[in-house]
Amino acid sequence: MDPHFHYNVIPKTTTAGVTTRIVFQDELTPAEIYAAAATESGLTAAQVEAATTAAFRQIIIGARRGQRARRVGSYFSFTPRCGGGFPTADFEPTVENMNLAINAALSPDGDSLFVDGLTFQRDGILGQKLPEILRVYDALTRTLDAFTPGNPFKISGHDFGPEPALGNTTCGLFLQTVGTTNPPTRIPAYSDWTPSEITGAWPASLSGDQRLTITTSYEGSTDLRTFIWPTILSITT
């Protein structure tokens, strides 16, 4: 396994200069984590999985009560958070309208472990700016990489560019049914579109697992830039 932290360099979105983007390597699966931790700890992979699941379950249950969990395993701290915007204080709270979530951060020991032996590798040269999706969240099932026809979604990432105009059919979010040659279906409108987050509703008419694509253009350029989310969105009913 390549030990380096890979990155590339791209122009900044709104100011002069450049910034960096991680170049993701092969995903580290739960099975690989449990197997490596079993070798390190002397436990079995099944024991590691059971203990990890039980520990994170307690962290989540505590977060429902507004409890923080600090230095778990000496490496991570977890803090529940909320936010949102409302015209008055008399609103009905929900997970969605309060942006309820749990933030995870490295503890001092985690920081030390992360930087110890860290080496960098820049892939290629100054590249073209592209949109990039980092997280796809289905608001009905509250799961990642899921697709529930007609229900809300939240997509996070960076460099999404400006929201496409209503008449612009070449830019936006597109879904294509896996295993077919059907043309992609464009999501026609969005609740909110910022450079780092898009919210809206999945099309109600589609069926089957979907491939998600974002196409955008940036101010001052007519070039279209496309990013294909590598994970298939599983349909839920």
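Which helix gives the most to the nonpolar patch? Helix α3 (residues 108-115) does, with three residues. Helices here are DSSP runs of H or I with at least four residues, strands are runs of E with at least two, and both are numbered from the N terminus.

This is a predicted model, where local features need pLDDT of at least 70, side-chain atom pairs count only at pLDDT 80 or more, and totals for chains, interfaces and linings use all residues. Residues are numbered from 1 along each chain as its sequence is written, and side-chain values use heavy atoms, leaving out hydrogens and water.

Now for the core. The largest nonpolar core has 19 residues; such a core is a set of buried Ala, Val, Leu, Ile, Met, Phe, Trp, Tyr and Cys residues joined through side-chain atoms within 4.5 Å. Those with the most contacts inside the core are I133, I155, L173, I198, W202 and L212.

| Strand | Residues |
|---|---|
| β7 | 132-138 |
| β10 | 152-158 |
| β11 | 172-177 |
| β15 | 210-216 |

In soluble globular proteins, nonpolar side chains tend to be buried together.

I133 touches (heavy atoms within 4.5 Å) residues including I155, L212 and F227.

Technical notes: Buried < 20%, exposed > 50% of the residue type's maximum accessible area, 1.4 Å probe, protein only. Lists of a residue's contacts leave out its neighbours within four places in sequence.
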